[in-house]
Each structure stands twice: as C-alpha cells, then as structure tokens.
Amino acid sequence: VQLQASGGGLVQAGGSLRLSCAASGSGFSFTNMGWYRRAPGKQRELVAGISGGASTNYADSVKGRFTTSRDNAKKMVYLQMNNLKPEDTAVYYCNWGLRPGGYWGQGTQVTVSS
C-alpha cells in the first residue's frame, strides 16, 4: 500500500483548501480511510474518517467546516477544508485503515495565517 497526499499550502484564515490522497493497493473500496493531523508541539489527532461505504465522522473541532469524500474507482480520498483557522495549521496525513497501525502517507503541510 502506498499513499500520496497533496493539496496543502498557505492560506489566510477563512480560506479553503482541498487535500487529496491517492492510494495504491488492493481492497481500497472496502477500506476505511482517515485524515489525521499533527500540529507543532501537539499529538497526532484524527480529523476525519470515511468508511468503504462512505460513512463519515469528524473531530468536533472541524465539524461543519471539513468534509471528507472518496472516489473508489480512482482510489482517491479527499478532505475539503473550509473556513480554515490558524489552529488548523498542521501536517495532514492520509491513513489506510483508519487506525494508527495502518499505512501512512508522507503528509502535506497546511498553514493558516491570521
């Protein structure tokens, strides 16, 4: 399994970014996928998860602002982030399996300026 995250960048508070994660590996359609982030000086936290059937869950801190989706045919997972806040600044990681023991991508930096 390999994961390639992209789409990070620098954005002003209130702005939007869309992260993408390209996955390789068999069984993607049945695999739960997750987005995690690690902010400077903080522990890694789960931001959003999506099941193979596209059921989603979100951290309270991002509910109503972030949306995750997937395209099983393309083996892609997305994280649409709206109304970004400085506290969203972190490295965002795509995760195969929606668990720490799953596979990880290399991460993409998101920086939100105030």
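Colleague: Where is the place of A54?
Modeller: A54 is in the loop between β5 (45–50) and β6 (56–58); strands are DSSP runs of E with at least two residues, helices are runs of H or I with at least four, and both are numbered from the N terminus. This is a predicted model, in which local features need pLDDT of at least 70, side-chain atom pairs count only at pLDDT 80 or more, and totals for chains, interfaces and linings use all residues. Residues are numbered from 1 along each chain as its sequence is written, and side-chain values use heavy atoms, with hydrogens and water left out.

Colleague: What is the phi of A54?
Modeller: The phi is positive, about 75 degrees, although A54 is not a glycine.

Colleague: Which loop holds K75, and what is its phi?
Modeller: K75 sits in the loop between β7 (66–71) and β8 (76–81). Its phi is positive as well, about 55 degrees, and K75 is not a glycine either.

Colleague: Why does K75 count as partly exposed?
Modeller: Because its relative accessibility is 30%; buried means under 20% relative accessible area, exposed over 50%, and partly exposed in between (1.4 Å probe, protein chains only).

Colleague: Turning to the whole chain, how many helices and strands are there?
Modeller: The chain has zero helices and eleven strands.

Colleague: What share of the residues is buried?
Modeller: Of the 114 residues, 43% count as buried.

Colleague: What box do the C-alpha atoms fill?
Modeller: Along the principal axes, the box is roughly 40 × 25 × 20 Å.
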